[in-house]
Amino acid sequence: MGILDKIAEIEREIARTQKNKATEYHLGLLKAKIAKLRSQLLEPSGKSAAKGEGFDVMKSGDARVALIGFPSVGKSTLLSTLTSTESVCAAYEFTTLTCIPGVIEYNGANIQLLDLPGIIEGAAQGKGRGRQVIAVARTADLIVIMLDATKSSVQRELLEKELEQVGIRLNTKPPNIYFKQKKGGGVSFNSMVKLTKTNERMIQLILHEYKIFNAEVLFKEDCTSEEFVDVILGNRMYIPCLYVYNKIDQISIEEVDKLARQPHTVVVSCNMKMNLDYLLEQVWEHLALLRVYTKKRGQKPDFEDGLILRRGATVEHVCHTIHRSIVETFKYSLVWGQSTKYNPQRVGLSHSMADEDVIQIVKK
């Protein structure tokens, strides 16, 4: 029996089993088994399995955005509109058969946009070119799921399910669970909060399922058993996602308003070039990028050539971006902008920068 058959059999057993107190441990173990099998499916062993996986596209620019969606939702049209890259567009499905990269120039940043072939239901199991598409999606800083506004919400649910099955978690943070395998001493289980979604017995059963008999486990927040399985596997990707509904010119204004009010959602029309500016704003926001401008003593800031950093970047990150040797001779820096209480403010390496801050570095 193959891995897919085993997964299908366990899914059927879960569907047959009634959910109650008596069966919660059994269901928890079945879900752990499915996660284990899907992990094997995602990373098959052997040299031959590695061949042909993914599309060979070098990561470039300040960030990478992957365009994912079913065939003929307008991904290629969006790529051609936002970048100088021409991607073949046609009124039939599977026009794009490989990964086509383009570059969006926005706020001084170069954002790599990848137009991936349309995926179909069952992509996680390798149907179509699903596995190659998903392999690239796992390397992205942001996933843009493109949807057809004229079709039902089933499209969105199916795509989310396909990505979920291969360990891509959308718009969520990693579970705050400390987990470390040991050589001996059994399982040490502790929790800093009251657990309502799982318990110690369930965690013990899941660890035994993965043949882990010596480990330290500390729950720092109220997480589910599925989230604990994610921590054990350690190969889950937590990626921000933006849902883009195309073809809004073909639906009523009431339907457009309903879609636009959903979280992490942008409505556009690629053919009529409607709302594309707002889409770029949201891409920038979801990538959590910020611009920092440098200034030399006695001179004006260099607004032409800013540094592109990630939100949460410190003065130390700025120094490393300019040149790694600067930290060794760093004395202090003067910062103007939103991150300071007054302008200029003298700060150290640990000071967090904000968008459009100006920095002057003083060396020893």
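1. A residue counts as buried under 20% relative accessible area, as exposed over 50%, and as partly exposed in between. Glu160, at 26% relative accessibility, therefore counts as partly exposed, whereas Arg156, with a relative accessible area of 15%, is buried. Both assignments, like everything that follows, rest on a predicted model.

2. Arg156 and Glu160 form a salt bridge in which the closest N and O atoms are 3.5 Å apart. Both residues belong to helix H6, which spans residues 154-165, and they are 4 residues apart, about one turn of the helix. A search of the whole structure finds 11 salt bridges.

3. Another salt bridge joins Arg169 to Asp230, with the closest N and O atoms 2.9 Å apart. This pair links distant parts of the chain, since Arg169 lies in strand E5 (residues 168-170) and Asp230 in helix H8, 61 residues apart. Arg169 is buried, with a relative accessible area of 10%, and Asp230 is buried as well, at 8%.

4. Asp230 also meets the side chain of Arg236 in a salt bridge of 3.0 Å, N to O. Arg236 lies in the loop between helix H8 (225-233) and strand E9 (237-239), and at 11% relative accessibility it counts as buried. The side chain of Arg236 makes a further polar contact, of 3.2 Å, with the side chain of Asn235.

5. Leaving aside residues up to four places away in sequence, Arg236 touches Ala35, Gly167, Arg169 and Asp230. Glu164, Arg169, Asp230 and Arg236 are linked in a network of salt bridges, and a reader new to the structure may wish to view these residues together.

Definitions and conventions. Residues numbered from 1 in each chain as written. Predicted model: local features only at pLDDT ≥ 70, side-chain atom pairs only at ≥ 80, totals over all residues. Heavy atoms only, no water. Helix = DSSP H or I, 4+ residues; strand = E, 2+ residues; numbered from the N terminus. Buried < 20%, exposed > 50% of the residue type's maximum accessible area, 1.4 Å probe, protein only. Polar contact = N/O pair within 3.5 Å; in protein donor to acceptor, adjacent residues only side chain to side chain. Contact = heavy atoms within 4.5 Å. Salt bridge = Lys/Arg side-chain N within 4 Å of Asp/Glu carboxyl O.
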